[in-house]
Amino acid sequence: MAGRTRPGLDGLEWPAHVPYRVFGPGASILPRGVRTIPQGELAAETILDKHGDWLGATPTSVKKFFFAENDSHVLLQYQQLHRGVPVDGAILIFTFHKADGRLVCMGSEAIKGLTLKTIPKLDKLQAMARYQALTGWNEKLGTILEAPHLEIRQDENGTYRFGYRISANFEHKAEGWTIWIDAVTGAEIARESTIHECGLTHSKASPMGPVMQGVLKGKVTGMASPLPRGVESTKNPEKALPIAGVEITVSGVGTTYTDKNGDFSLSYSGTKPVAATISLQKGRWWGRLYDYSGSSIHSLKVNLDPSKTNNLLFNPKPPSSPNYLTAQVNGVKYTADMHDFAKSAVPTMTAIDRKINVYVNRNASCNAFFNGSSIVFYRKRGSCNNTASGSVVAHEYGHAIDWWNGGIGRNPATPSEGFADVCSAFLLDHPVVGLDFRTNGGFVRTALNSITWPYTGNSQQVHLVGQAYLGWAWNFLGNMRSKYGKTLGKTLADKSVMKVAQANPRSHYDYILQTYIANDNDSNLNNGTPDIGALWKASLKRHFLRPIFSAIKVQHKRMTDQTDGSKGFTILASVDNQAGTLKTADLYFDAGKGSFTKIAMKLVSGKTWSAQTPAVALGKMARYYFSLTNDRSANLKLPIESGSYYTFAVGYKKSLLADDFEKSNSNFSASNGSSTNGWSRHVPAGRNFDPTAAVSGSYVWGSNRNSSDERFYNRAQTVSLTSKSVSTKGMKGMRLRFDRWLTSYTRSWARVYVNGTKVFDVNRSSSQEWKTIDLDISAIADDRSSVVVRFELRHAPTSTRDYALGGLEIDNFDLYSLSARAGTYVSFGKACLGSAGTPSLSASNKPTIGQTLNLVVASAKASSGAAMFTGLSKTNLGVLSLPLDLTALGAKGCSLFVSTELFVPFATDSAGKASVGYALPNIITLVGSRFYQQALILDAKANQLGLVLTNAGMGTIGG
């Protein structure tokens, strides 16, 4: 990637001024390496001390944000401070590998150049009063998640402001807000919902001891959501499943809890059955259960017989509303199951060892949500079943896992919805989230989708965005099972994916990158993780490409436009295989025929691979891409984006309007209306999902929201970039070429028009690399007095809270014609000797319609009169045959080779040279026409006739 690097580190993604994420072959910071959090703190301080100018922060301008460690890594995150006040989102990360103690990855989102004053006029009570006025919240209605504290936050216009951050939720409705309130004016700076909707602790019991006489023993099962079906469905009704952690109390004897299999035992010296109580209210749960329906938290009174194994069905007879008790069981069971699943994958994840409120049977329909302190589920109603199913409970508890491991962050910047979906899919080992969510059998989401990143759909953006990550994780799981088998592959994938939550990822890319890091067996991502093939194939499929390490790296200088394709082309690539052994290297080439042919590449020297292409006819567009595979199942296509390829023109190419945007000129004009973030000419800086650099030079045209985000974000507006008018009279084969980088979401679109006709629609389509677009516009642009190109962006969400957004960057605009015939100019005939030598005639360029043909005369008599003959024949001059020998007229050895329809006088200079220009008309019908030329120079000393003639030239007009 483009950007600055420092010794031992390779850049991944570069926003403005600071390195977003960097990794390398592992950098040693301390003599003994980093294997504990205290050692990591010392190492991070050393890095900040040495590279603070680069990272945008120093040891004294950061505070601890989130620290964690697992069996393989030490994970540290710091938050930037400005004058002692935290800056929202300005996080610095450091990851160290315990195996060798080296730095694996680091990055910064620090904001440079802040000059904000940090003296508040409001106190905390005034800020809280303002929050209550804005939301209607009070302490009887909900829970404070974050009490008022000062923070610097960016507003919607991109301006950093100083204010109070306050976060609270409403316990009885799906509403909660984090609001930043200006500490000086009391105005709202920004707000984010704390609610994570569905969208359309486990048992610590001792293991079972040996069965012996005098022991009360048995198994407790409960009617619960079967795996992975919904809570209540005619196709998959609830069934009896083991309940772990439930309390069994025997008066006068004692209390015990069921284990993970639902089994229990309790020492008992008697021989007669004894009364016992089984209760959900007092289980060893990770959830604190509440029921909105008014139903009591279920308990069951039974007699335990010491002479046998007591098989107990906890909720055997459904009441009139049968799913109420099932929802209770599901609420505690799957909260515990999800907790234990995460802990089994990452035993050091102690952040989740706390209870969460679990509310079931709320009197509403078709939803469930996490609000920062509770997970809430709705009863069966309308078109939906009870939402406290195993899958949905696991999903909502997944939000809690994310929250407790550092915070969910902004939506849709972080993919908490995707992570929560992965929690459900991996716990239940099933790709569908919320199967049978609706009474007609409809489900919520599935990993078996074709969604790629960035998401480009048209509704429920925050949930559908997460499906790209859900699909990625499921693809990774499938790849791991293909490699290791069903059981081991699942175990290894579980560890890699669940460790990521502990790293508190800041973006979708972080989730993927942290999985690479979690899977790595040393600190060197450059040598390929053990499962790089499984990871990379999933990344390719889902377009999580830009900062993700590839086991194969290719350097290639693109083919430029060519004038002759008769001998084909040699295409070279330098291949650096960083993990395993390269198995195949192929070039896929289209010679302008509409289909690709595979050509095996050959290693010609060092890392250089070569392929020879077939011939390409003049006037054709050639296309090609590379495909390389190594023995670790890692495959790289270049260009990376699916359906992308390199192109170059073969034939005569004439640019009518070419602009790389490096100079500010009048070729383009922007129409942005009231938008403050529409089209602008600027230097891209890699913010969010935008390019790190231009394709050539420094400048591009594109949307430019503000200093931290280059996406177009004005609601219900259309902005356009329009070229100046260009005449194409006399031109044929018109084409439009430009490089584009696109991020387009939901109802946003990016379109291209030529003379009002749409020629390219990139609505709901996204790219993670620069892509060359070359369009045939001949049908609407050939031989026109005026051609105008317009790029258009539109953003039209359905509500003021819609997160839809999009952006387009363009570079290297070229409006040109491509012809199959190039002009030629060849010499024929022999010149005669003059007093200054033998004069010559040549052309310095090719004859082309609409251009000037430049002829050069040399080695003639100095400062002499001369004339240029141009004719249409080299065989006849009237009734005379050509060539015509002039010896008999006194010009020995001189011959006239061309007819003389056009006569242009000129003079040689003091060196015996002259330049003669002919402006060729821009008329299509002239293409292919031939003409003949010869120069005559007056030279009295040369012969009796007093003149000499040059060689002749034959021109064929191209265009």
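Which cysteine does a disulfide join to C366? In this predicted model, the partner is C384, and the distance from S to S is 2.0 Å. The legends below take this link and several other local features in turn.

**View 1. The disulfide of C366 and C384.** The torsion about the S-S bond of C366 and C384 is about 105°, so this disulfide is right-handed. C366 is placed in the loop between strand 21 (356-362) and strand 22 (368-370), while C384 belongs to the loop between strand 23 (374-378) and helix 4, so the pair ties together parts that are 18 residues apart in sequence. With a relative accessible area of 0%, C384 is buried. A disulfide is a covalent bond between the sulfur atoms of two cysteines.

**View 2. The disulfide of C832 and C894.** The sulfur atoms of C832 and C894 are 1.9 Å apart, and the link is right-handed, with 95° about the S-S bond. C832 sits in the loop between strand 46 (824-828) and strand 47 (840-843), and C894 in the loop between strand 52 (884-885) and strand 53 (895-896), so the pair ties together parts that are 62 residues apart in sequence. Both C832 and C894 are buried. The count of disulfides comes to two, and, when the bonded cysteines are counted along the chain, the pattern of the disulfides is 1-2, 3-4.

**View 3. The crossing of helix 4 and helix 5.** The axes of helix 4 (residues 390-404) and helix 5 (residues 416-428) come within 7 Å and cross at roughly 130°, which makes helix 4 oblique to helix 5. The crossing in which helix 4 passes helix 5 is right-handed. On the side of helix 4 the contact is made by G390, S391, A394, H395, G398, H399, I401 and D402, and on the side of helix 5 by S416, E417, F419, A420, D421, C423, S424, L427 and L428. Sorted by class, this contact of helix 4 with helix 5 holds seven nonpolar, seven polar and three charged residues. C423, one of the contact residues of helix 5, counts as buried at 0% relative accessibility.

**View 4. The packing of helix 3 and helix 7.** Helix 3 (residues 323-345) and helix 7 (residues 486-502) pack at an angle of about 95°, and their axes are 8 Å apart. The two helices, helix 3 and helix 7, are therefore roughly perpendicular to each other. In the contact, M338, F341, A342, S344 and A345 of helix 3 meet K490, D494, K495 and M498 of helix 7. By class, the contact of helix 3 with helix 7 is made up of five nonpolar, one polar and three charged residues.

View 5. V332 counts as buried, at 0% relative accessibility. When residues up to four places away in sequence are not counted, V332 touches L280, W285 and L289. The C-alpha atoms of V332 and G283 are separated by 8.8 Å, although these two residues are 49 residues apart along the chain.

**View 6. The positive phi values of R83 and N812.** Most residues other than glycine have a negative phi, and most peptide bonds are trans. R83, a residue other than glycine, has a positive phi near 55°, and its place is in the loop between strand 4 (73-82) and strand 5 (85-97). With a relative accessible area of 55%, R83 is exposed. N812 is likewise not a glycine and has a positive phi of about 55°, but the place of N812 is in strand 45 (residues 806-819).

Definitions and conventions. Residues are numbered from 1 along each chain as its sequence is written. This is a predicted model: local features need pLDDT of at least 70, side-chain atom pairs count only at pLDDT 80 or more; totals for chains, interfaces and linings use all residues. Side-chain values use heavy atoms; hydrogens and water are left out. Axes are lines fitted to C-alpha atoms, for helices over the stretch in contact, and angles run from 0 to 180 degrees between N-to-C directions. Helices (H or I, at least four residues) and strands (E, at least two) are DSSP runs, numbered from the N terminus. Angles under 35 degrees count as roughly parallel, over 145 as roughly antiparallel, 65 to 115 as roughly perpendicular and the rest as oblique. A crossing is left-handed if the near helix is turned anticlockwise from the far one by less than a right angle, and right-handed if clockwise. Contact means heavy atoms within 4.5 Å. Ala, Val, Leu, Ile, Met, Phe, Trp, Tyr, Cys and Pro count as nonpolar, Asp, Glu, Lys and Arg as charged, and the others, Gly among them, as polar. A disulfide is a pair of cysteine sulfur atoms within 2.5 Å. Buried means under 20% relative accessible area, exposed over 50%, partly exposed in between (1.4 Å probe, protein chains only).
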